[in-house]
Structure formats: structure tokens, C-alpha cells
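Work through the exercises below with the model open. Each task is followed by a solution in steps.

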Amino acid sequence: MKVTLENTRYQVQIDTLGAEIHHFLDKENALEYMWQADPTHWGRHAPILFPIVGTLKHNEYKVGEEVYTLPRHGFARDQEFQVMECTEQHARFRLTDTAETKKMYPFAFCLDVLYTLVDNQLTVQYHIENPSQQTLHFSVGGHPAFNVPVDPSLAFEDYYLVSEPLKSRTFLPLKDDLIDLEHKTLGQTNTTIDLTHDLFKEDALIFETKGKTAFSIRSDSSPHGVTVSYTDLPYFGVWSTSPVESNFVCLEPWAGIADTVDTTGDFSKKLGIQTLAHDEVFDTSYTISVY
């Protein structure tokens, strides 16, 4: 089922399958900002990553002595969410544990995803509760994919990536889909980064972030672009397909990250893992601004 948020100029459409954004449309300019999930390139729009972000080593992890298997980025993106609230410019979607999720992930949880449209900004909030006596371990993150070029009269290479504040950040390289901490470096986010398809030949660009942060896709040849902004999310990924050349770029704020190359598999000690005791609550959010 599709849920639509709308104001005088912008329209957002969200699917209850995965609580995934499908459209962010500027009605005045007939301009679609979201990637339209061409399956010959990448068949998703903006999946929610839960209860893990990225890849587990051998797709496995341990809780106590038990070994469980989870696919890359977890299962939330393929689950049907329940609509809890829906108004013209706000919607709340909910996912809770089931007998099927507990085969992959032995925790009770309540994940709410809230979308609020104000003017040209869509805020995405993750609200997670632990209803059980067992400590809850999880990661959560966004994976929205935006059309590049944003302006269809331009080319992919007409755009660049820029961060705010304009400063260097720790860059975390990937090795076989896992974080290679031994070879982390200082990423050059203190300047603009030209968007080319070769930029993603080694997979995603992953940065550590602190405090108020924004990453934008812009062009000097068009006023139209997109910004993802947030406060106090520890990681950010930028990704597109390679060697297949696709006309999208994902801007991904994360509270969690892939396993490290040398992980023990102990889920409670996983890099970037979030922890909730009984009846505790976790809240975080990011905002998509289009222009």
C-alpha cells in the first residue's frame, strides 16, 4: 500500500513494504528526486537498514553461544510495516518482531519510522523501543537513492558532493564488504568531490561523522540538488553501482556499520552497535532537503 504526503509544491510517496520512500516530487517543476529502482541497475529506492547496517562476516553473528544468519542490511526493508498514523504531511509506520524475525534475530523490538514533510524538507525519524527484559542490540540507518543528474538535462559528471562543515573526516575503506580499520585514512571531505562513476569502483565511500553534518549533491549548472542532514549519527555512506554505471547516488546516514575484517562475531561487541535496556528508547533522525 502507498501512503502520500503532500503540500502545495511537493509530494512524497511511501510504500508500506519496507516503509520505503518511492517518490519525492517537485510538482511545480515536474522534477523527481528519488531513483526509480530500475532492476537492471539497483531495484530499490530508499531501504531502511535494520537490525544491521552493511554486511556481517560470513553473514553470521553470535548471541551468547547461538549463531544466527542475517542478510546484508537486515530484514526490515523486505517487511510489511503497519500504518499507525497518517495525516496530509505526516505518517508513522511500525514494525515489530515476529516468529519469523526471531529465527534470524532473537530480540523483541518495536521500530517506528516517522516521516514529516514541511515545505521542501522530509524528516525521517527512527524510534526504537525494547519491550523485553533482554538487552536489545541493533543498528539502523537510511539508504535513500537520488537521481543524478537531478536535472535531466545535465549529466552525472555535472554534479559534485560537498559536506558541511567543510572539513576532513576519517575514511573507512571496505575489504570484501567489511570495514578495514587497519587502513583507515583521512578522507578529503574538506573540499568538493566530483561525481564520477569511477568514484565507486572500490564500493561505498564511508566516513565517520560527529555533530551537525550535511552532505549535498549539487551542480554549478543547475539550481536543483539535494541535501541529507543530521545531528550525531556516527557514520555516513555514499554509494552508486560499479562497474555498471547508474544514474543515482545514495546518501546514507547510519547508526551502525558493517562488521570489521577482524570481528569475533559477538553481536554485543560489534563496531557501531546500539544497545537498549528494558523499556529504553532510541531516537534519531535525518532530513532530506530538495531544491
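**Exercise 1.** In which helix do E100 and K103 both lie, and how many residues apart are they?

Solution. The model is a predicted one. Step 1: E100 and K103 are both in helix α1 (residues 99–104). Step 2: they are 3 residues apart, about one turn of the helix. Step 3: their side chains form a salt bridge, with the closest N and O atoms 3.0 Å apart. Step 4: K103 counts as exposed because its relative accessibility is 58%, where the cut-off is over 50%.

**Exercise 2.** Locate the two ends of the salt bridge between E28 and R9 and classify the exposure of each residue.

Solution. Step 1: the N to O distance is 3.9 Å. Step 2: E28 sits in the loop between β3 (20–26) and β4 (31–32), and R9 in the loop between β1 (2–6) and β2 (10–15). Step 3: the two are 19 residues apart, so the pair links distant parts of the chain. Step 4: E28 is exposed at 61% relative accessible area, whereas R9, at 26%, is partly exposed.

**Exercise 3.** Which residues touch the most other members of the largest nonpolar core?

Solution. Step 1: this core has 68 residues. Step 2: F24, Y105 and Y115 touch the most other members. Step 3: beyond its neighbours within four places in sequence, F24 is in contact with residues including Y10, L31, L117 and V290. Step 4: a second, separate core has 16 residues, among them W239 and C250.

Conventions: Residues numbered from 1 in each chain as written. Predicted model: local features only at pLDDT ≥ 70, side-chain atom pairs only at ≥ 80, totals over all residues. Heavy atoms only, no water. Core = buried A, V, L, I, M, F, W, Y, C linked by side-chain atoms within 4.5 Å. Buried < 20%, exposed > 50% of the residue type's maximum accessible area, 1.4 Å probe, protein only. Contact = heavy atoms within 4.5 Å. Salt bridge = Lys/Arg side-chain N within 4 Å of Asp/Glu carboxyl O. Helix = DSSP H or I, 4+ residues; strand = E, 2+ residues; numbered from the N terminus.
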